[in-house]
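I record what I looked up, entry by entry.

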Amino acid sequence: WSPVFLEQVAGIDRVTASGALTLFYMAAIFGRLAGSRLTRRLRPDVLLAGAGVLVVAAFPVFWLARTPGLALGALFVLGLGVANLFPLSLSAATTLGAAVANKASARVSLAGGLAILIAPQVLGSLADQIGIQSAFLLAGLMGAGVLTLSAFAVWVQRRSAPGQN
């Protein structure tokens, strides 16, 4: 839905908006590569929180942008943040649920798959009812949810690890 959003809200022509989605995927590749390197230096829960902050900070800029440059820059930053949400969420879930890591992994994978399956349909239906910009708020709320869950994961991990506060 990002190309439609770029066309209708940021005023980018249809062809350019479709091609501009490449920025998101390029950022996601770069973000995943950088994230894999950063996991050697930083804890996954901290990286997950950082990725969530990137998404939550960039989303309002993207959502409210009325100029192509600002919208495309924010789309790139969103790609950087979104890139590591799944692998870092999986890491956090299996770390927190070490005793039931298989179950945690299965549930995170199921949640990710369901989100990929359901979210575009819900967004499209909402866009038909209330317009693309209002419907896109759903994506922002999901980003805020990830940030909230990652903050909760950090809190649980620190609370359950005595002497590491």
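**Entry 1. The largest pocket**

I asked which helix gives the most to the lining of the largest pocket. It is H7, with 13 residues. I note at once that the model is a predicted one, and I read every value below as computed from that model.

I then listed the other contributors. H2 (14-38), H3, H4, H5 and H6 (101-130), together with H7, each supply at least two residues of this lining. The volume of the largest pocket comes to about 1,600 Å³. Of its 43 lining residues, those closest to the centre are Val-82, Leu-85, Ala-115, Met-142 and Val-146. I sorted the lining by class and found 34 nonpolar, seven polar and two charged residues.

**Entry 2. The second largest pocket**

I next turned to the second largest pocket, for which I noted a volume of about 160 Å³. It has 13 lining residues, and Gly-31, Leu-38, Leu-54, Leu-80 and Asn-84 lie nearest its centre. Which helix gives the most here? I found that H2 does, with five residues. H2, H3 and H4 each supply at least two residues of the lining. By class I recorded eight nonpolar residues, five polar and no charged.

**Entry 3. Helix H5**

H5 runs over residues 85-96, twelve in number. From its first C-alpha to its last it reaches 16 Å, close to the 16 Å expected at 1.5 Å a residue.

**Entry 4. Ala-27**

I located Ala-27 in helix H2. Is this residue buried or exposed? Ala-27 counts as buried, since its relative accessibility is 0%, and the cut-off for buried is under 20%. Setting aside residues up to four places away in sequence, I found that Ala-27 touches Phe-76, Gly-79 and Leu-80. One of these, Gly-79, stands 52 residues from Ala-27 along the chain, yet their C-alpha atoms are separated by 4.8 Å.

**Entry 5. Ser-2**

I found Ser-2 in helix H1, which covers residues 2-8. With a relative accessible area of 15%, Ser-2 is buried. Its contacts, leaving aside neighbours within four places in sequence, are Leu-21, Phe-62, Leu-75 and Phe-136.

**Entry 6. Trp-63**

I placed Trp-63 in helix H3. Apart from neighbours within four places in sequence, Trp-63 is in contact with Phe-5, Val-9, Gln-133, Ser-134, Phe-136 and Leu-137. Phe-136 is one of the contacts of Ser-2 as well. I also looked up the separation of Trp-63 and Gly-143: they are 80 residues apart in sequence and 13 Å apart in space, C-alpha to C-alpha.

Definitions and conventions
Residues numbered from 1 in each chain as written. Predicted model: local features only at pLDDT ≥ 70, side-chain atom pairs only at ≥ 80, totals over all residues. Heavy atoms only, no water. Helix = DSSP H or I, 4+ residues; strand = E, 2+ residues; numbered from the N terminus. Expected span 1.5 Å × (residues − 1). 1 Å grid on protein atoms, 1.4 Å probe; cavity = no way out; pocket = protein on both sides within 12 Å on 5 of 7 lines; lining within 4 Å. Points joined across faces, edges and corners; volume = space filled by probe spheres on them. Nonpolar A, V, L, I, M, F, W, Y, C, P; charged D, E, K, R; others polar. Buried < 20%, exposed > 50% of the residue type's maximum accessible area, 1.4 Å probe, protein only. Contact = heavy atoms within 4.5 Å.
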